[in-house]
Amino acid sequence: MAMVVLVCLALLVVTTVIHYEVLRGLTVLLPGLGIKPRAKLIVVIIAAFLAHALEIALYALAIWGLVRFGGLGTLADSSRFSLDVSLYFSAETYTSLGYGDVVPGGAVRLLAGVEALNGLLLIGWSASYTYIAMERFWSDAAGRAA
């Protein structure tokens, strides 16, 4: 269980840093891009999506490694466990979708709970950043039009 706690803490730090750096990079990059405000918004959405996809993949790798090599739980039944199942479960958990068709067992259940909370926070962060970016781009566009 201590290993799962350490992995949870490491993933919280790493995913937060990834998200921070992507959003900070957008803040620096976007004002200098010579594209229309709506195109800048598409850049924001794509960058946020890619950040979330990377974060989901990191959780999937952690779950896969903990189950496969650490023997610290199960994910689905052992006959269909694979990296694909871990990735599917991670995406489902990170977004709090929770179909329930893949269920963790053992110590990795803690990681699943942490991933759901972390995903909720990071998705909220992306949503608020997108709102602020839209507000700024629309204000800039209205100022240039006047």
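This is a friendly chat about the protein structure shown above.

Reader: Hi! What kind of model is this, and how are its residues numbered?

Author: It is a predicted model, with residues numbered from 1 along each chain as its sequence is written. Local features need pLDDT of at least 70, side-chain atom pairs count only at pLDDT 80 or more, totals for chains, interfaces and linings use all residues, and side-chain values use heavy atoms, with hydrogens and water left out.

Reader: What is the mean pLDDT of the protein chain?

Author: The mean is 93, and 95% of the residues reach 70 or more. pLDDT is the predictor's confidence in each residue, from 0 to 100.

Reader: And where is confidence lowest, and where highest?

Author: The lowest is α4, at a mean of 89, and the highest is α1, at 97. Those labels come from DSSP runs numbered from the N terminus: helices are H or I with at least four residues, and strands are E with at least two.

Reader: Okay, the inside now. How many residues has the largest nonpolar core?

Author: That core has 20 residues, and Leu75 and Leu111 have the most contacts inside it. A nonpolar core is a set of buried Ala, Val, Leu, Ile, Met, Phe, Trp, Tyr and Cys residues joined through side-chain atoms within 4.5 Å. Buried means under 20% relative accessible area, exposed over 50%, and partly exposed in between (1.4 Å probe, protein chains only).

Reader: Which helices supply at least two residues each?

Author: They are α1 (2–29), α2 (37–68), α3 (83–94) and α4 (108–145). Helix α2 gives the most, with five residues. Another core, of eight residues, lies apart from this one and includes Leu26, Leu30, Val44 and Phe137.

Reader: Back to Leu75: what is it in contact with?

Author: Leaving aside neighbours within four places in sequence, the partners of Leu75 include Ile63, Val67, Phe81, Phe89 and Pro104. Contact here means heavy atoms within 4.5 Å.

Reader: New topic! How many salt bridges does the count come to?

Author: The count comes to one. It joins the side chains of Glu21 and Arg24, at 2.8 Å from N to O. The rule asks for a side-chain nitrogen of Lys or Arg within 4 Å of a carboxyl oxygen of Asp or Glu.

Reader: Where do Glu21 and Arg24 sit in the helix?

Author: Both are in α1, three residues apart, so about one helical turn separates them. Glu21 is partly exposed at 36% relative accessibility, and Arg24 is partly exposed too, at 39%.

Reader: What about Glu92: buried or exposed?

Author: Glu92, in helix α3, is buried yet has no salt bridge. Its nearest side chain of opposite charge, Arg80, is 8.2 Å away. Lys and Arg count as positive and Asp and Glu as negative, while His and the chain ends are not counted.

Reader: So what does the side chain of Glu92 reach?

Author: It reaches the backbone nitrogen of Tyr99 at 2.9 Å. Contacts of Glu92 beyond four places in sequence include Leu97, Gly98 and Asp101.

Reader: And Lys40, is that buried or exposed?

Author: Lys40 is buried, because its relative accessibility is 9%. This residue of helix α2 touches Leu30, Pro31, Leu33, Ile35 and Phe137, not counting residues up to four places away in sequence.

Note on methods. A polar contact is a pair of N or O atoms within 3.5 Å; within protein, one must be able to donate a hydrogen and the other to accept it, and residues adjacent in sequence count only if both atoms are side-chain atoms.
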